Amino acid sequence: MTDRIIQQQIEYYRARANEYDEWFYRKGRYDRSPEINQRWFNEIAAIKNTLHQIGMVDDILELASGTGIWTQELLRIGKKITAIDASEEVIAINRSKLNSLSVEYHLIDLFTWQPDAAYDLVFFAFWLSHVPPNLLDSFLTKVYQSVRVGGQVFIIDSCFEPTSIANNHTLEDDGNIYKTRKLNDGQEFQIVKIFYQPDELKDKLQKAGFQVEVKLTDNYFIYAQGKKLKQFVICNS
Ligand SMILES: C[S@@+](CC[C@H](N)C(=O)[O-])C[C@H]1O[C@@H](n2cnc3c(N)ncnc32)[C@H](O)[C@@H]1O
């Protein structure tokens with residue numbers, strides 16, 4: 001079941017690549033009225049502001065980097081971005097939008113990914129909610145390994161809010177983590193979507209090793225900022 005849903009999610013985002021930005025920029029099926037859209041944009045602006053406050057760092061790893069919506073923000077604070085995604089279609093869009101020699105792209109399935117470097121900042125937006133629960137702890141352990149000591153993790157994800165999804169999707173509060181998603185042409189895919197509560201997310205990130213703060217915006221988003229602290233060294237003298 002897990003392997004099948006992982007593949008469906010990859011196929012879904014490959015097929016959705018050209019229409020993905022409509023969701024973020026509140027166009028087409030995601031346009032819920034100027035007033036409601038503005039709430040979304042205001043909450044995004046607040047998160048971007050918090051992200052930019054991190055200030056300049058050398059190396060950033062972006063997981064599930066998508067079409068570049070957040071990669072372009074990371075370019076403002078990072079000298080070099082390593083961007084990982086499993087869809088060649090979204091990587092192509094990201095690359096052509098940003099056209100930056102500072103971004104290095106890797107086509108990798110995050111469930112087979114093995115961290116091989118440590119970064120000042122590891123960032124992922126709207127990805128954690130797609131990680132099947134049985135794979136969450138091992139994924140977060142790999143995230144922890146990929147942050148250098150003294151470095152940070154920054155995570156953004158969705159809250160349970162009916163106006164966040166397309167007007168032809170239904171958001172049911174039934175505890176079912178498997179959701180059906182449609183493309184503009186009506187094609188359907190099954191994905192995992194988990195709406196974390198702050199305490200639950202904080203607990204998961206602390207167990208992975210981070211010192212972390214988790215916050216909500218008024219309606220739409222949950223975000224977490226965590227640090228990997230220096231480990232204490234026990235000296236035997
Ligand atoms: C909801 S989108 C988020 C994209 C981007 N972070 C953003 O906020 O705009 C999820 C992304 O995860 C990618 N993805 C799906 N399954 C993946 C996997 N197994 N490994 C790596 N990336 C995956 C998709 O291609 C897509 O770009």
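Me: Let's start at the end of helix 7. Which residue follows helix 7, and what is its phi?

Reply: Helix 7 is followed by G209, and the phi of G209 is positive, near 120°. Keep in mind that you're looking at a predicted model.

Me: And helix 7 itself, how do I read that? Which of its residues are buried?

Reply: Here's the general idea: in soluble globular proteins, nonpolar side chains tend to be buried together. In helix 7, which spans residues 198-208, the buried ones are L201, L205 and A208. These three sit on the same side of helix 7 because they cover an arc of only 55° around the axis.

Me: What's on the face turned away from the buried side?

Reply: That face of helix 7 carries D199 and K207, both exposed.

Me: What do the buried residues of helix 7 pack against?

Reply: Three elements: helix 6 (133-145), strand 8 (211-216) and strand 9 (221-227).

Me: How do strand 8 and strand 9 run, parallel or antiparallel?

Reply: Antiparallel, with six bridges joining strand 8 to strand 9.

Me: Which way does strand 1 run relative to strand 2?

Reply: A handy idea for any sheet: in a regular strand the side chains alternate between the two faces of the sheet. As for the pairing here, strand 1 (residues 57-63) and strand 2 (residues 78-85) run parallel, joined by six bridges. Find D59 and you'll see that its bridge partner in strand 2 is K80. Strand 1 also runs parallel to strand 4, this time with three bridges. There, L61 has V122 of strand 4 as its bridge partner.

Me: Now the largest nonpolar core. Which residues touch the most other members?

Reply: V122, F123 and I155, out of 46 residues in that core. Strand 4 (residues 119-125) gives the most to the core, six residues.

Me: What does F123 touch?

Reply: Leaving out residues up to four places away in sequence, F123 touches I60, E62, W70, L74 and F154.

Key: Residues are numbered from 1 along each chain as its sequence is written. This is a predicted model: local features need pLDDT of at least 70, side-chain atom pairs count only at pLDDT 80 or more; totals for chains, interfaces and linings use all residues. A residue is buried if 20 or more other C-beta atoms lie within 10 Å of its own, exposed if 12 or fewer, and partly exposed in between; C-beta atoms are placed from the backbone. Helices (H or I, at least four residues) and strands (E, at least two) are DSSP runs, numbered from the N terminus. The arc is that of the directions from the helix axis to the C-beta atoms. Two residues are in contact if their C-beta atoms, placed from the backbone, lie within 7 Å. A nonpolar core is a set of buried Ala, Val, Leu, Ile, Met, Phe, Trp, Tyr and Cys residues joined through C-beta atoms within 7 Å. Two strands pair if DSSP finds at least two bridges between them.
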